[in-house]
Amino acid sequence: MASVKMPQLGESITEGTIAKWLKQPGDTVKKYEGLVEVITDKVNAEVPAPLAGVLKEIKVKEGTTVTVGTEIAVIEESVPAGQTPSPAVPTRRREDEGTRPLARASQVPSPASGEGQGGGAAEASTRLSPAVRALIEEHRITDADLARIQGSGIGGRISKKDVEEFVARRGQPVTANGEQAHETPTLTLPQRGKEELVPLSPMRKSIANNMLKSKQTIPHAWTVAEVDMSNVVRFRQQARDGFRQREGVDLTFVPIIVKAVVEGLKAVPVLNASWSENGVVMHKDINVGVAVSVDDGLIVPVVHQADRLSIAGLAKAIDDLARRARGNKLTIPDVQGATFTVNNPGTFGTILSYSIIAPPQAGILAMDAIVKRPVVTDGDAIAIRSMMNLCLSFDHRILDGVSAARFLQGVRHWLEGFSEQVPLY
Amino acid sequence: MATRTVIEAIREAMDEEMARDPSVFLIGEDVGQRGGVFLASDGLFKKYGEYRVIDSPLAESLIVGVAIGAAVNGMRPIVEIQFADFIAPAFNQIVEEAARFCYRSAGDFNLPIVIRTPYGGGVHGALYHSQSIEATYGHIPGLKVVAPSNPADAKGLLKAAIRDPDPVLYLEHKRSYRLIRGEVPGNDGVVPIGKAEVKREGTHLSLIAYGLMLHYCLEVAEKLATEGVSAEVLDLRTIKPMDEAAVIATTKKTGKVLVVHEDNRFAGIAAEVMAVIMENAFDSLDAPVMRLTGPDVPAMPFNHVLEEAFLPNPERILAKAKELAAY
């Protein structure tokens with residue numbers, strides 16, 4: 001039974017007069033359905049039923065004035081089979097819970113016993129303990145998933161165990177760090193004597209993580225240009241001794257290629273960029289990473305602002321970085337901030353290389369081996385030329401094949417047009 | 001490994017330490033010729049003589065005062081207070097003097113005193129022979145308080161207490177004296193002060209206790225296991241300094257904790273354990289931390305029915321643990 005009271009229908013209103021009962025004893029009322037018309041000195045209002053049920057008794061007759069809070073009627077709540085009754089007087093339950101906080105736990109009971117239950121089944125099942133909340137977070141359990149978990153605790157509360165079982169059923173083991181099983185395949189221990197497990201060095205791990213991330217997030221596209229390096233080879237040979245005397249370092253192909261790449265990037269700046277969900281970030285500096293192999297892997301020190309250096313300047317910078325990389329003397333800034341990478345597998349005789357982009361760069365260029373090959377020249381003659389493949393991997397989210405090809409073409413033209421006119425210093 | 005009762009383990013520890021270190025001596029009421037009311041020092045008077053096993057007057061304040069003076073002069077006294085209920089007259093000496101001596105002298109003096117005393121009820125000891133005092137003394141900075149539950153810990157912790165440079169209140173549950181038997185290592189076997197021990201591994205809930213209640217908790221864990229509930233049981237062993245790391249670890253493991261002690265409830269050891277959990281392991285909790293303790297009534301009643309009603313017992317611990325498991 002729930003009592004219906006004279007509501008306060010406005011500020012400073014202390015009493016109201018029953019104008020007309022819209023329902024009679026025995027009538028079924030829906031929640032919020034008009035129950036009675038009340039007149040006050042400020043407003044006339046229809047008072048809705050506070051809950052669904054049957055009007056049992058009218059306590060105040062029409063035309064009578066009573067103070068706010070006076071009981072005017074009694075409604076018997078309707079209780080559909082198997083459902084928790086909607087509480088008539090919530091405040092009573094609260095008081096009860098406050099003084100006997102653990103009472104509900106010891107009573108156990110069917111959810112229908114109402115009083116002292118602190119809200120019954122519905123509330124208990126949605127009240128989540130810190131441990132349960134932590135598990136939900138850890139296993140990225142959605143609200144929809146949560147709704148599917150059957151709580152086994154008192155009043156249907158979802159316990160830690162319930163979530164763990166749900167997660168187990170879902171096929172993801174509960175691990176301390178929340179990693180999912182498929183991300184960390186179990187290692188089969190090597191058979192004694194036949195295999196050897198080499199522990200991962202920090203560099204190996206870091207390379208592994210970066211490469212995996214790159215291949216999983218960047219849609220790589222790959223394209224190759226064939227470059228006639230004959231001019232470069234000839235003029236480099238001519239300039240080599242003088243260069244060494246003057247600069248103190250060898251004139252290798254790498255700074256020449258890097259110079260060509262810088263020119264290519266200036267012509268196609270979209271390759272000197274990074275992908276972000278908000279847009280393509282165009283880099284104003286051209287910082288070229290140059291891959292250097294070292295004992296336990298590979299490191300890519302960076303020639304910062306390579307666009308401001310001459311070939312001699314690049315040669316010295318690259319020589320310095322490579323020397324320090326092999327001597328373990330690189331500093332953090334030396335390996336950060338690359339906007340494009342040049343890789344030189346050609347040293348080892350490769351002719352086609354498919355490099356993986358170092359995020360967040362847009363591309364990586366591999367210079368393969370320079371090999372002498374018979375080539376059909378402009379005048380349909382067959383000549384022996386020094387040929388090299390330049391292989392470009394690029395992030396297809398940022399640019400398309402046309403831009404990539406234009407970049408390679410620029411690099412190729414620059415290299416093929418190499419002459420003593422090109423300033424080295 | 002030899003099997004001993006708790007009282008035998010205590011006697012053995014005192015005997016071995018007195019033999020090892022001539023500065024160790026025992027003082028208390030009836031500890032000499034009589035061998036102590038519980039016979040904890042039985043035989044030691046004969047073995048070590050009246051200067052090392054001293055029968056004192058019935059004056060607890062004097063006993064502790066003498067021990068403080070002796071300790072300042074390089075001795076390592078073991079004080080026996082006949083019943084924990086009788087320790088109150090020595091409160092001033094223990095709290096105002098012994099506990100603060102090191103602090104007051106800026107570390108110049110330590111007071112290596114052990115105060116042994118039987119506590120707890122369940123032996124029809126009524127008002128003056130049943131009290132638990134761990135919360136009162138655990139509150140005092142400068143005092144260490146230990147409460148072993150079994151013979152091995154009783155011996156090992158007493159040795160640790162005797163060798164400790166600071167005052168240690170060593171609490172012996174008198175009902176456990178001859179009730180609890182267990183293996184005691186033959187070697188020196190010192191048990192470090194400040195280390196709790198997981199007495200039983202479990203995954204669903206944790207029972208934290210010490211002294212006699214620890215054995216009730218183990219009994220309950222056994223019963224729970226037959227009902228598919230895996231209970232971990234943690235023996236605090238040292239009340240102060242409390243092994244907070246162990247409390248936090250078991251909470252993180254199970255997410256549900258019930259703390260049990262015989263001492264009364266208000267500001268008891270359970271309250272401290274619960275506070276440690278709330279401060280450090282809130283995110284691991286899967287249920288409110290619960291406690292089952294003696295009631296806040298002035299003393300253990302004499303009437304047997306009322307005494308039973310006062311004491312937590314395996315049945316009530318089991319009921320509470322089930323409530324926790326079901327939460």
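Chain B has a mean pLDDT of 96, and 100% of its residues reach 70 or more. The model is predicted, and it scores ipTM 0.71 and pTM 0.54.

**Seven-stranded sheet of chain B**

- Seven strands of chain B make up an open sheet with mixed pairing, in the order β3-β2-β4-β5-β7-β6-β12.
- At the edges of this sheet stand β3 (53-55) and β12 (238-240) of chain B, each of which pairs on one side only.
- From one strand to the next, the twist averages 20 degrees.
- Strands β5 (residues 114-119) and β7 (residues 168-173) of chain B are paired in the parallel sense, with six bridges between them.
- Within this pair, Arg116(B) has Tyr170(B) of β7(B) as its bridge partner.

**Helix α7 of chain B**

- Helix α7 (residues 151-163) of chain B contains 13 residues, and the distance from its first C-alpha to its last is 18 Å, close to the 18 Å expected at 1.5 Å a residue.
- The helix α7(B) lies across β2, β4 (76-80), β5, β6 (144-146) and β7 of chain B, and runs at about 160 degrees to β7(B).
- Because eleven of its 13 residues are buried, α7(B) is largely enclosed by the rest of the structure.
- The buried residues of α7(B) include Leu157(B), Leu158(B) and Ile162(B), and also the charged side chains Asp153(B), Lys155(B) and Lys159(B).

**Phe25 in strand β2 of chain B**

- Phe25(B) belongs to strand β2 (residues 24-28) of chain B, one of the strands across which α7(B) lies.
- Phe25(B) counts as buried because it has 22 C-beta neighbours inside 10 Å, where 20 or more are required.
- Apart from neighbours within four places in sequence, the contacts of Phe25(B) are Arg52(B), Ile54(B), Met75(B) and Pro77(B).
- Ala67(B) is 42 residues from Phe25(B) along the chain, and their C-alpha atoms are separated by 9.5 Å.

**Five-stranded sheet of chain B**

- A further open sheet of mixed pairing is formed by five strands of chain B, in the order β9-β11-β10-β13-β14.
- Its edge strands are β9 (197-200) and β14 (290-294) of chain B, and each pairs on one side only.
- The twist in this sheet averages 25 degrees from one strand to the next.
- Strand β13 (residues 257-264) of chain B runs parallel to β14(B) and is joined to it by five bridges.
- Helix α9 (residues 212-226) of chain B lies across β9, β10 (205-209), β11 (231-235) and β13 of chain B, and runs at about 170 degrees to β11(B).

**Contact between the chains**

- Ten residues from chain B and twelve residues from chain A take part in the contact.
- On the side of chain B that touches chain A, five residues are nonpolar, two are polar and three are charged.

**Chain A**

- Chain A has eleven helices and 19 strands.
- Of the 425 residues in chain A, 29% are buried.
- Among contacts in chain A with a separation of 6 or more, 62% are between residues 24 or more positions apart.

Technical notes: Residues are numbered from 1 along each chain as its sequence is written. Chains are lettered from A and ligands numbered from 1 in the order in which they are written. This is a predicted model: local features need pLDDT of at least 70, side-chain atom pairs count only at pLDDT 80 or more; totals for chains, interfaces and linings use all residues. Two strands pair if DSSP finds at least two bridges between them. Helices (H or I, at least four residues) and strands (E, at least two) are DSSP runs, numbered from the N terminus. Axes are lines fitted to C-alpha atoms, for helices over the stretch in contact, and angles run from 0 to 180 degrees between N-to-C directions. Two residues are in contact if their C-beta atoms, placed from the backbone, lie within 7 Å. A residue is buried if 20 or more other C-beta atoms lie within 10 Å of its own, exposed if 12 or fewer, and partly exposed in between; C-beta atoms are placed from the backbone. The expected span of a helix is 1.5 Å times one less than its number of residues. pLDDT is the predictor's confidence in each residue, from 0 to 100.
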